[in-house]
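Visitor: Could you take me through one part of this model up close, starting from a single helix and the strands around it? I would be glad if you then carried on into the surroundings.

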Amino acid sequence: MSAARGDPPTGTVTFLFTDIEGSTRLLQQLGEDYRSLIDDHSRLLREAFDEGYVSGTEGDAFFVVFASAPAAIRAAAHAQRTLHAQAWPADADVRVRMGLHTGEGALATDGEYASIDVNRAARIAAAAHGGEVLVSDATRRLVEPSLAEGLDLRDLGEHRLKDLDRPERLHRLRIEGLPDDFGPPRTLDARRGNLPADLSPFIGREEVLDDVRRLCAEHRLVTLTGPGGSGKTRLSLQLAREAQAGCRDGAFAVQLAPIVDPELVPDAIANALGVMGEAGRPVLETVADHLADRELFLVLDNVEQVIEAAPVVPALLQAAPELRVVTTSREPLRVEGEQEYAVPPMAVADPALPATPEQLLAYESVALFVERASDRISLRLGVMTPDEGGAPC
């Protein structure tokens, strides 16, 4: 990490963090031209942040400290305007996210800033979208009375930030003439999945589940194959539920059974993820950009319905390094990076051999049948368990 020279401001200061959204995608897109893009990006930001103290840079990220909150706001707005106006190599779409927070500018013995306010500013920046400037309420109180013409703040409400106990009221800096159609902040309150409610327990298949867990840990694309009724969908959703808590951006499932046109698969994925289309731009590109810097678990169910759309999956995996995908299909996708797992049928009892009810219940297929039958009987009779309370339906 490189750092600025000079005396760092202390006391009450405003911290500003920035980084490029989707920098991995840009590197893959531009190749050797990416170096010149980073050089231009760094030059523009250093010029825009001339009133601040550049405490450190790493890759495409900047950490800047300002003695004045209004100066920090002016710098952020100026930086976004110049970045937006810049002609980038190969018409690259360079979008920089920024976060500002005002707090204690205390220095540790090594000369680095050390306070919870630094962490809060970094988390605010991480919650922003590319091209967006998010501002804490502490900063808002200091700058709102003196905002320059063409700038205003939109209240986004309180949000929980990762690793911080106290929620933060966030505000978006709106800059006249620049895009303002961002989604909700990427905080712990953001939508982290669309998995259907698990209405009944996951019965049996523990060995199968363990096998597929291991595959998912080693491979970013796993396809569960088997005939209809073999339990592929239930298995994939169980994997997604387990992964949801550990994935920063959650787990989502896309049901492809109703779709017959492979061209509509990107639209189905976009709808499941809550991604809005952009006029004049392929939906697949928009979805890839949305996923580019997200850590997410994605289930694509019943891909055999639209197997011609299989190349969509490696395209998304290439664009999003932290994306993991499980697909279910009656046949493998036959794309690069795929690991197939043939889901075995549940073991069934041999009707020719005598067995007690207890022995029959040892078979997963019988236990599952009994569980489902009990559920249906309970629903028909309006029976409720003691824990549910209330009156029968």
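**A helix across a sheet, and onward**

Guide: Helices (H or I, at least four residues) and strands (E, at least two) are DSSP runs numbered from the N terminus, contact means heavy atoms within 4.5 Å, and angles run from 0 to 180 degrees between N-to-C directions, with axes fitted to C-alpha atoms, for helices over the stretch in contact. This is a predicted model, in which local features need pLDDT of at least 70 and side-chain atom pairs count only at pLDDT 80 or more, while totals for chains, interfaces and linings use all residues. Residues are numbered from 1 along each chain as its sequence is written, and side-chain values use heavy atoms, leaving out hydrogens and water.

Ala-126 belongs to H4 and touches Arg-97 and Arg-186, leaving aside residues up to four places away in sequence. Ala-126 counts as partly exposed because its relative accessibility is 39%, where buried means under 20%, exposed over 50% and partly exposed in between (1.4 Å probe, protein chains only). Ala-126 and Glu-21 are 105 residues apart in sequence, yet their C-alpha atoms are 9.7 Å apart in space.

Let us move on to another sheet. Five strands make an open sheet with parallel pairing, ordered E9-E10-E11-E8-E12. Its edge strands are E9 (251–255) and E12 (338–342), each pairing on one side only, and neighbouring strands are turned by 20 degrees on average, direction ignored. Strand E8 (residues 221–225) runs parallel to E12, with five bridges between them, and Leu-221 stands opposite Glu-338 in E12. Helix H6 (residues 206–218) packs on this sheet, touching E8, strand E11 (323–329) and E12, at about 175 degrees to E12. Helix H8 (residues 265–273) lies across E9 and strand E10 (296–301), at about 140 degrees to E9.

Cys-216 counts as buried because its relative accessible area is 11%, and Cys-247 is buried at 13%. A search of the whole structure finds zero disulfides, a disulfide being a pair of cysteine sulfur atoms within 2.5 Å.

The axes of H9 (residues 283–291) and H10 (residues 312–319) come within 8 Å and cross at roughly 40 degrees. Leu-284, Val-287, Ala-288 and Leu-291 of H9 make the contact with Val-312, Ala-315, Leu-316 and Ala-319 of H10. The contact residues divide into eight nonpolar, no polar and no charged, where Ala, Val, Leu, Ile, Met, Phe, Trp, Tyr, Cys and Pro count as nonpolar, Asp, Glu, Lys and Arg as charged, and the others, Gly among them, as polar.

Methods. Two strands pair if DSSP finds at least two bridges between them.
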